[in-house]
Amino acid sequence: MAAIKTTSDDNFTADVLGADKPVLVDFWADWCGPCRQFAPILEEIATENADKISVYKLDVDANPQTTAAYNVVSIPTINVYSGGELVKSVVGSRPKKAFLAEIEEFLG
């Protein structure tokens, strides 16, 4: 089973806001080159930290309500949610080490 799951406008509240551990949500689209470039890095992070965080992808084209609700205007945007709240937002692709440094507080 893939470490990254998919969420949608319909399931976002249950999948992400109702989760009992921190959740990373990758706001992405098929046509986004940097999103595709970042995908394998995110897959590694999801696999290596499956006990600490959940990772979901949300297609911005197919899910405009959630995308608009969190003011996502550039992709990839990776939002971190904890306790039902948006606690961190990372915009743009970056190397794995740099991204891990940005989210390390949630991997405790």
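Helix α2 buries Cys 35, Phe 38, Ile 41, Leu 42, Ile 45 and Ala 46. The elements that cover these buried residues include the strands β1 (4-6), β2 (23-28), β3 (54-59) and β4 (77-82), together with helix α4 (96-103). The model is predicted, and every value below is computed from it. One of the buried residues of α2, Cys 35, also takes part in a disulfide with Cys 32.

**Helix α2**

- Helix α2 runs over residues 33-48 and comprises 16 residues.
- From its first C-alpha to its last, α2 reaches 24 Å, which is close to the 22 Å expected at 1.5 Å a residue.
- The helix bends by about 35 degrees at Ala 39.
- A proline, Pro 40, follows this bend within four residues.

**The disulfide**

- The structure holds one disulfide.
- In general terms, a disulfide is a covalent bond between the sulfur atoms of two cysteines.
- The partners here are Cys 32 and Cys 35, with their sulfur atoms 2.3 Å apart.
- The link between Cys 32 and Cys 35 is right-handed, with 80 degrees about the S-S bond.
- Cys 32 has a relative accessible area of 4% and is therefore buried, the limit for that class being under 20%.
- Cys 35 likewise counts as buried, because its relative accessibility is 2%.

**Aromatic pairs**

- Four aromatic pairs are found in a search of the whole structure.
- One of them joins Phe 12 and Tyr 81; the ring centres are 5.4 Å apart and the planes stand at 80 degrees, so the pair is edge-to-face.
- This pair links distant parts of the chain, since Phe 12 belongs to helix α1 (residues 12-17) and Tyr 81 to strand β4, 69 residues apart.
- Phe 12 and Tyr 81 are both buried.
- Tyr 70 and Tyr 81 form an aromatic pair that is also edge-to-face, at 5.1 Å centre to centre and with 80 degrees between the planes.
- Tyr 70 counts as partly exposed because its relative accessibility is 24%, whereas Tyr 81, at 1%, counts as buried.
- Through these ring pairs, Phe 12, Tyr 70 and Tyr 81 are linked into a cluster.

**Charges over rings**

- Lys 5 lies over the face of Tyr 56, at 5.2 Å from the ring centre.
- Lys 57 places its charged end over the ring of Trp 28, 4.9 Å from the centre of that ring.

- The phi angle of Asn 71 is near 50 degrees, a positive value in a residue other than glycine.
- Asn 71 has a relative accessibility of 63% and so counts as exposed.
- The peptide bond that leads from Ile 75 to Pro 76 is cis, with omega near 0 degrees.

**Asp 20**

- Asp 20 is located in the loop between α1 and β2.
- Its relative accessible area of 77% is the reason why Asp 20 is classed as exposed.
- Asp 20 and Ser 82 are separated by 62 residues in sequence, and their C-alpha atoms are 8.0 Å apart in space.

**Lys 88**

- Lys 88 is part of strand β5 (residues 85-91).
- With a relative accessible area of 24%, Lys 88 is partly exposed.
- Leaving aside residues up to four places away in sequence, Lys 88 touches Ile 78, Asn 79, Val 80, Glu 102, Glu 105 and Phe 106.
- One of these contacts, Phe 106, is 18 residues from Lys 88 in sequence and 9.7 Å from Lys 88 in space, C-alpha to C-alpha.

Methods:
Residues numbered from 1 in each chain as written. Predicted model: local features only at pLDDT ≥ 70, side-chain atom pairs only at ≥ 80, totals over all residues. Heavy atoms only, no water. Disulfide = S-S within 2.5 Å. Buried < 20%, exposed > 50% of the residue type's maximum accessible area, 1.4 Å probe, protein only. Helix = DSSP H or I, 4+ residues; strand = E, 2+ residues; numbered from the N terminus. Expected span 1.5 Å × (residues − 1). Bend = angle between axes of the 7 residues up to and from the residue. Contact = heavy atoms within 4.5 Å. Phe/Tyr/Trp six-rings, centres within 6.5 Å; stacked < 30°, edge-to-face > 60°. Lys NZ or Arg CZ within 6 Å of the ring centre and 35° of its normal.
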